[in-house]
Amino acid sequence: MRYTLAVLALTLTCAAPALAQNAMPAAPAVLLTDAIDRPGQDLSGLWAYSTDLYRTAETDINGRPPAPRAMRFRDINVDAEVAKKPDVDFFEFDMDKAPKATLPGAWNAAEPELRWFDGLMWYQRHFTAEAVGNRRAFLRFEAVNYRVKVYVNGQLAGQHEGGFTPFAIEVGKLLRAGDNQVTIGVDSTHDDTTVPPTVTDWDIYGGVTRPIRLIYTPETFIDDEFLHLDLDGHIRGSVHLNGASAGNRDVSVKIGTGKAIALKTDGNGDAHLDIAAPKGLKLWSPDSPTLYDVAFAAGDDTLTDKIGFRTIQAKGTDILLNGKPVFLRGISMHEEEFGANPARRMTPEAIRALLGEIKTGLHGNFVRLAHYPHSELTTRMADEMGLMIWSEIPVYWSVDFGSDKTLLTARHMLAENILRDRNRASVIVWSVGNETPNTPERNRFLATLADDARARDGTRMISAALLVSHNMKNGHIEMAIDDPLVEHLDLMAANTYNGWYGDDKLADVAKETWVMPAGKPMIFSEFGADALAGVHDAKNPMKFTEEYQAEFYRQTLAMADNIPALRGMSPWILKDFQSPRREHPVYQNGWNRKGLISETGVHKEAFDVLANYYVGKEKD
Ligand code: GCU
């Protein structure tokens, strides 16, 4: 049933774009939710690579199918092929002799000559597989930036668009017992129709940035599960089975040491749960991030997920966590590990190093994962460490808001993001965009995404990082949140850079006031100023000095304290990060320097300004 829906969605996109705008796209045919807890074969390690800037493996000179001598995905041994007709055959690739790179990890950090490569790259490796028998087999990709075609033993197995969300491709019929070859063509290029668009303020990071695993399942398996605590004290949720015998099947759910709850699937393979929360259920919060082992079973398929139970809601101008007002003591963060040559290789150690700075260093309880879904390892570690999360899809600056194709791409991305992380107690906000212009197409585009998010998961706040207006009122600076999109959002979030961009005097910032629609909580999703660690001038604190950045924080925090509806913030940004837009030869050299910490871990003066402010807020 879901499979036909997906195919239907795809044909719909091609046939009648207008229609696609209304109907929420179906969920991906296979999710493999919580795949992280399934046994599998990790294909990380050395992969052969071959650049293909002119896409010779995709088309020939006149756009016709490529010449076999350029098809890097072919299931052949080049030497053996040539040996068959040495005087005729030749090849313009040989993946068995090609250089190797370690995956996951973006190619831009792999070799100096690949630093600015933005195009089509082929990766290949061999692996040994068991006979599939009556099981099913999937290649699960956690993230490949941006478009990818996957070939198994020379056959196209599947493709995906979107650099930050997982997808699973069924390969059982293509696998052979013993040696297999997997080849992936990764295209990092963006254009007006992509999400994000070509120009962003972060680096290319092309390639396979998160693990690839080969996962076997029974013919019918638990493909998706979602459990949450509702405001009325009930635990509700669903389990979805995928397979020929998914309908009318027994499913059991066991929360912690509680009694197993017996459910039955309907014709679509869906089982629904609705119970009063067990007495003494410990609620998840940053101060006590309690997680329960929840065991799901259906026939011979079992899955255990770690789930925290909490409620989150916007009520009036308050944000209520488990029914109590909470202030979001946050910071924004890119998916980029510490170090001078990051590869967006987010190991548990790399993630813990970043989240630890927020939790312990800044006394924070909140992190905005910008501007795209970060690794599932990060959201699960936030569950464990006790950090609330803002999760966003990269509808960033100027995507093509008038294009139905772009909208559908964004809707699929949103679906993949929500379906991956809706069991994460840490995730409290789904954001549908950042700094997008207030135009009719954009308003329709983002309103559609906000409605989708609410329809897929009504248990979290929906938001977007908004541009704001800067007005002079009687010689006084008054900022305004006057974006029509607010009516579709639960939480207002504003980006402000007064005192850095624009010509407001830093000394005036604290006196600036804000007007906004009433009755909703507001946060600052961004504010910040660049400083190169180690650059000081206490007497004459110019921009790019640590003193200027620290004063920028003092002024902005003072301004924030005068906003009645302010319920949190995620200043821009935890760590300096790579951006091709930042090329001041002394202060930037390809780095955005708005971090409170340098790329090598040096704390700047402003770090303590914010940490002390949060210590104060903690006491409130
Ligand atoms: C913007 C944007 C960020 C960017 C930041 C900056 O607000 O959302 O992605 O990096 O400003 O200018 O540093």
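Predicted model: local features only at pLDDT ≥ 70, side-chain atom pairs only at ≥ 80, totals over all residues.

Visitor: Which residues of helix 4 are buried?

Guide: They are Ala350, Ile351, Leu354, Leu355, Gly356, Glu357 and Ile358.

Visitor: What span should the 14 residues of helix 4 have, and how far apart are its end C-alpha atoms?

Guide: At 1.5 Å a residue, helix 4 (residues 348-361) should span 20 Å; its end C-alpha atoms lie 18 Å apart, which agrees.

Visitor: Where is the kink in helix 4 centred?

Guide: The kink, of about 30°, is centred on Leu355. Leu355 is also among the buried residues of this helix.

Visitor: What follows just after helix 4?

Guide: His363 comes there, with a positive phi of about 60°, although His363 is not a glycine. This residue belongs to the loop between helix 4 and strand 24. With a relative accessible area of 28%, His363 is partly exposed, because that value falls between the 20% and 50% limits.

Visitor: Is Asn474 buried or exposed?

Guide: Asn474 has a relative accessibility of 80% and therefore counts as exposed, the limit being over 50%.

Visitor: How many bridges pair strand 28 with strand 29?

Guide: There are 5 bridges between strand 28 and strand 29 (residues 476-480), and the sense is antiparallel. Within this pairing, Asn471 stands opposite Glu478 in strand 29.

Visitor: What is the order of strands in the open sheet of 4 strands?

Guide: The order is 16-15-18-19, with antiparallel pairing. Strand 16 (261-264) and strand 19 (301-307) form the edges, and each has a single partner strand, so one side of each lacks a neighbour in the sheet. Neighbouring strands of this sheet are turned against each other by 20° on average, direction ignored. Strand 15 (residues 250-255) runs antiparallel to strand 16 and is joined to it by 4 bridges. Val253 stands opposite Ile261 in strand 16.

Visitor: How are aromatic rings described?

Guide: A pair of aromatic rings is described by the distance of the centres and the angle of the planes. A search of the whole structure finds 24 aromatic pairs. In one of them, the rings of Phe91 and Phe93 have centres 5.8 Å apart and planes at 85°, so the pair is edge-to-face, for which the angle must be over 60 degrees. Phe91 counts as buried at 16% relative accessibility, and Phe93 is buried with a relative accessible area of 9%. Trp122 and Tyr151 form a tilted pair, with 6.0 Å from centre to centre and 50° between the planes. This pair links distant parts of the chain: Trp122 is in strand 4 (residues 120-129) and Tyr151 in strand 7 (residues 147-152), 29 residues apart. Both Trp122 and Tyr151 are buried.

Visitor: Which residues form one aromatic cluster?

Guide: The cluster consists of Phe164, Trp202, Tyr372, Tyr396 and Trp397.

Visitor: Finally, where is a peptide bond cis?

Guide: The bond from Leu103 to Pro104 is cis, with omega near -5°; Pro104 lies in the loop between strand 3 (100-103) and strand 4. Another cis peptide bond joins Ala370 and His371, with omega about -20°. His371 is found in the loop between strand 24 and helix 5.

Technical notes
Residues numbered from 1 in each chain as written. Heavy atoms only, no water. Pairing = 2+ DSSP bridges. Helix = DSSP H or I, 4+ residues; strand = E, 2+ residues; numbered from the N terminus. Axes fitted to C-alpha atoms, helices over the stretch in contact; angles between N-to-C directions. Expected span 1.5 Å × (residues − 1). Bend = angle between axes of the 7 residues up to and from the residue. Buried < 20%, exposed > 50% of the residue type's maximum accessible area, 1.4 Å probe, protein only. Phe/Tyr/Trp six-rings, centres within 6.5 Å; stacked < 30°, edge-to-face > 60°.
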